[in-house]
Amino acid sequence: MDARRLQLLHDIMALEFVAVELTLYLDTHPTEQEPLNDYNMVTDRLNQLKAQYERMYGPLVSYGFSPSEYPWRWIEGPWPWEMQF
């Protein structure tokens with residue numbers, strides 16, 4: 001397995017975890033500016049890494065979240081959840 005691909009997936013999963021945690025925190029502390037800044041920074045970086053991954057390896061998810069180039073690449077494996085870390 002391509003080491004760069006695995007590293008990108010690892011980084012994406014880590015940032016997704018941070019984004020979820022910050023979302024939960026902001027749900028109970030909506031007026032705190034610093035966590036909101038952190039959330040926006042994490043979200044921007046997460047979107048950059050997802051776009052980079054999809055340019056290099058194809059879509060991370062299906063069902064309307066990721067546009068596809070020709071030919072349809074979703075059926076190409078391995079799928080993100082099949083990756084071994």
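Tutor: Contact means heavy atoms within 4.5 Å. This is a predicted model, in which local features need pLDDT of at least 70 and side-chain atom pairs count only at pLDDT 80 or more, while totals for chains, interfaces and linings use all residues. Residues are numbered from 1 along each chain as its sequence is written, and side-chain values use heavy atoms, with hydrogens and water left out.

Student: Among contacts between residues at least 6 apart in sequence, what percentage joins residues at least 24 apart?

Tutor: The count takes contacts in the protein chain between residues at least 6 apart in sequence. Those that join residues at least 24 apart make up 53%.

Student: How many helices does the protein chain have?

Tutor: Helices (H or I, at least four residues) and strands (E, at least two) are DSSP runs, numbered from the N terminus. The chain has zero strands, and its number of helices is two.

Student: Are H1 and H2 roughly parallel or roughly antiparallel to each other?

Tutor: Helix H1 spans residues 3–28 and helix H2 residues 33–57; they pack at about 150°, with axes 9 Å apart. Angles under 35 degrees count as roughly parallel, over 145 as roughly antiparallel, 65 to 115 as roughly perpendicular and the rest as oblique. H1 and H2 are therefore roughly antiparallel.

Student: Is Met56 buried or exposed, or partly exposed?

Tutor: Met56 belongs to helix H2, and its relative accessible area is 41%. Buried means under 20%, exposed over 50%, and partly exposed in between (1.4 Å probe, protein chains only). Met56 is therefore partly exposed.

Methods
Axes fitted to C-alpha atoms, helices over the stretch in contact; angles between N-to-C directions.
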